[in-house]
Amino acid sequence: MSTQLSAGGAEVTVDQENGCRISSLRIDGTELLRQGPRYGSFPMVPWCGRTENGRFRDGGTVHQMPVNHPPHALHGFGRDAAWRPAGATATEAAFTYDLAEPWPYPGRVTQVFALAEDALTLTMGVETYGDSFPAQAGWHPWFRRDLGTGGGPAELSFEPAWQEERGADHLPTGHRIDPKPGPWDDCFGMPHGVDVTLAWPGALELRLTSRAEWVVVYDEESEAVCVEPQSGPPNGLNTLPRLVTPVDPLEVSTTWTWRRLA
């Protein structure tokens, strides 16, 4: 089961049964996202990227998550769950997902998709039903490197304040370094908010913005470029925990704005 949104020449398909991911984003009939059940654009929640050895500490308690990308736990549980619809119009849809075992804390995640003729805004909120707990939220879009329009592959531009040094275990070491040339599987800091542009020459320019201060860029595969705005760095449940409390839920949003170049 999926939900369709449309506005002007933009069409979005949300597959709520498969992690409430965007399975399709088409502008004037051109597909922007890599296709396949693992791709599209999926939510990362209740953590983003890798959590070291699948373990995180909350106070004096160490919790073990399933190691789904050895030796680490990757991208949370939301992308593998069926989400429930919570209302939809022609241009907006909302969905919910209840946190459950093996996540040790009860809570709810809400995701809202709002489509306009030239932009898509995604908003995700995490709330607790009881005790406070550390969490992260973000998105992992797989944008097609080549749209097949004859204009050439995507060109990426952004100006991060720093790059998180990546260790041999693919986790940030805690050191901030000057940004290095790609290809990347790396986290960058943008303290004034994420602002990244993907341009397909002669076809389309897509700008991703967010008030979040972290973005992971993954462009090591030939088929796609991933630009992942998120509320904290990889392994952040351990290194930079953001507590979700009864009076302070976690909320993160991102807006993707496009401009036709043809």
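Phe143 is buried, and Trp256 is buried as well. I start with these two because they form an aromatic pair, edge-to-face, with 5.3 Å centre to centre and 65 degrees between the planes. Phe143 sits in strand S15 and Trp256 in strand S25, so this contact ties together parts that are 113 residues apart in sequence. One caveat before I go on: this is a predicted model.

Let me stay with S25, which covers residues 250-260. What does S25 pair with? Strand S13, residues 119-128, pairs with S25 in the antiparallel sense, over eight bridges. In that pairing, Thr121 stands opposite Thr255. Strand S21, residues 204-210, also runs antiparallel to S25, and six bridges join the two. There, Arg207 is the residue opposite Thr257.

Is Asp248 buried or exposed, or in between? Its relative accessibility is 37%, so Asp248 counts as partly exposed. For a sense of distance, Asp248 and Gly59 are 189 residues apart in sequence and 18 Å apart in space, C-alpha to C-alpha.

S25 also brings us to the pockets. The second largest pocket has a volume of about 280 Å³. Strand S25 gives the largest share of its lining, four residues. Among the residues that line this pocket are Arg211, Glu213, Trp214, Arg242 and Glu251. By class, the lining has four nonpolar, three polar and four charged residues.

Now the largest pocket. Its volume is about 530 Å³. How many residues line the largest pocket, and which lie nearest its centre? There are 29 lining residues, and Arg50, His69, Leu74, His75 and His140 are the ones nearest the centre. The elements that give two or more residues to this lining are strands S15 (138-144), S17 (162-166), S19 (185-189), S22 (214-218) and S23 (224-230). Sorted by class, the lining of the largest pocket holds ten nonpolar, seven polar and twelve charged residues.

Phe95 belongs to strand S11, residues 92-99, and Phe113 to strand S12, residues 107-115, so the pair links parts that are 18 residues apart in sequence. How accessible are these two? Phe95 has 1% relative accessibility and therefore counts as buried. Phe113 is buried too, with a relative accessible area of 0%.

There is also an aromatic cluster. Trp47, Phe56, Phe77, Trp103, Tyr105 and Phe133 form one such cluster.

Last, two places where an arginine meets a ring. The charged end of Arg34 sits over the ring of Tyr39, 3.9 Å from the ring centre. Arg176 lies over the face of Trp162, and there the distance to the ring centre is 3.7 Å.

Technical notes:
Residues are numbered from 1 along each chain as its sequence is written. This is a predicted model: local features need pLDDT of at least 70, side-chain atom pairs count only at pLDDT 80 or more; totals for chains, interfaces and linings use all residues. Side-chain values use heavy atoms; hydrogens and water are left out. On a 1 Å grid over the protein atoms alone, a cavity is a set of points where a 1.4 Å probe fits but cannot get out, and a pocket is an open set with protein on both sides within 12 Å along at least five of seven lines; lining residues have an atom within 4 Å of a point. Grid points are joined across faces, edges and corners, and a volume is the space filled by probe spheres set on the points. Ala, Val, Leu, Ile, Met, Phe, Trp, Tyr, Cys and Pro count as nonpolar, Asp, Glu, Lys and Arg as charged, and the others, Gly among them, as polar. Two strands pair if DSSP finds at least two bridges between them. Buried means under 20% relative accessible area, exposed over 50%, partly exposed in between (1.4 Å probe, protein chains only). Rings of Phe, Tyr and Trp (its six-membered ring) pair if their centres lie within 6.5 Å; planes under 30 degrees apart count as stacked, over 60 as edge-to-face and the rest as tilted. A charge sits over a ring if NZ of Lys or CZ of Arg is within 6 Å of the ring centre and within 35 degrees of the ring normal.
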